[in-house]
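Colleague: I'd like to go through this one with you. Could you show me the model and let me ask how you know things?

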Amino acid sequence: FSVNQKNDWRRDNVNLLMKEVKGTINRVKPWVRFGISPFGIYRNKRSTPDGSGSETNGLQNYDDLYADVKLWVEKGWIDYNMPQLYWEIGHTAADYKTLIGWWAQHTNNRPLYIGQDVERTMNATNQRGETQLAEKMLLSRSELPLQGNCFWPAYSLLDKYKNVDKELKNNYHRYPALIPAYAHMYSKQPKKVEKLKSEYTATEHLLKWKSDAAKYEPTSAKYYVIYRFAKGEKENLENAQHIMGITRNTFYSLPYEGGKNEYKYVVTAVDSFHNESKGRSKKIKL
């Protein structure tokens, strides 16, 4: 075997593993998402005959790790991709901005999340002495086809490294958000909830409903989202500011505000693929 033949054989073995893992999951639990968090460079441009790689100079998935991530996405063997873009903006060998643009061009309509290194992001500064968090978050929320970020390692968030927790909570994650639907796996909306009503018990005021939830049916309701709109306010389920709660119960405890404030509550059902149903609404005084 030549060196190239041996490398192709190694990649083919990994490809076969990825294909079989995805196929096995589909047969057993088709709603389970199988994703990969690969090294951040697929191939350097200088290594690709057609120049399709990124303008980088570092370890490569394809050539050095025998991981043809681009093929896995194209073949549908992974449901999401989360490359480890742990470098800084302006890094000489692997510029974050260059790489986020390259991966965004190769999503093949699969969800793309970006792996962020918390400490390197908070340690790197711009000319104004600010961390790179703001610019990285702005890039991830631009017109590029990205679905979110994954912050690594988790203990840096838990340890509140350089107040990253406050930065995220105050500026970027102020409101709860729903998991993006995996529409490439299944895209139909679940049925709306039924018999939405408010009910008083001896201890609390409840919002209650019925649904078609079935334990072993992934397209039925698995959890519910509760939205609230003030009297006269336009109903807009795209605005996460209106999410009051997310629950797996078929009831929600309502607050008490003196009995004079009128709201419209809207409840939606979400299936195992995170497709959200249309809303069922009820006006309630609190």
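Colleague: What makes a set of residues here the largest nonpolar core, and which members touch the most others?

Modeller: A nonpolar core is a set of buried Ala, Val, Leu, Ile, Met, Phe, Trp, Tyr and Cys residues joined through side-chain atoms within 4.5 Å. The largest such set here has 27 residues, and Trp 72, Leu 85 and Trp 103 touch the most other members. Helix α4 (96-104) is among the elements that give two or more residues, and its six residues are the largest share. Do keep in mind that this is a predicted model: local features need pLDDT of at least 70, side-chain atom pairs count only at pLDDT 80 or more, and totals for chains, interfaces and linings use all residues. Residues are numbered from 1 along each chain as its sequence is written, and side-chain values use heavy atoms, with hydrogens and water left out.

Colleague: Why is Ile 100 called buried?

Modeller: Buried means under 20% relative accessible area (exposed is over 50%, partly exposed in between; 1.4 Å probe, protein chains only). Ile 100 has 1%, so it counts as buried.

Colleague: Which residues does Ile 100 touch, beyond those up to four places away in sequence?

Modeller: Contact means heavy atoms within 4.5 Å. By that rule Ile 100 touches Leu 85, Ile 114, Leu 139, Ser 140, Leu 144 and Leu 146.

Colleague: Which residues of helix α6 are buried, and how do you know that they line one face?

Modeller: They are Leu 133, Lys 136, Met 137, Leu 139 and Ser 140. Seen down the axis of α6, they fall within an arc of 160°, so they line one face. That arc is taken from the directions from the helix axis to the C-beta atoms.

Conventions. Helix = DSSP H or I, 4+ residues; strand = E, 2+ residues; numbered from the N terminus.
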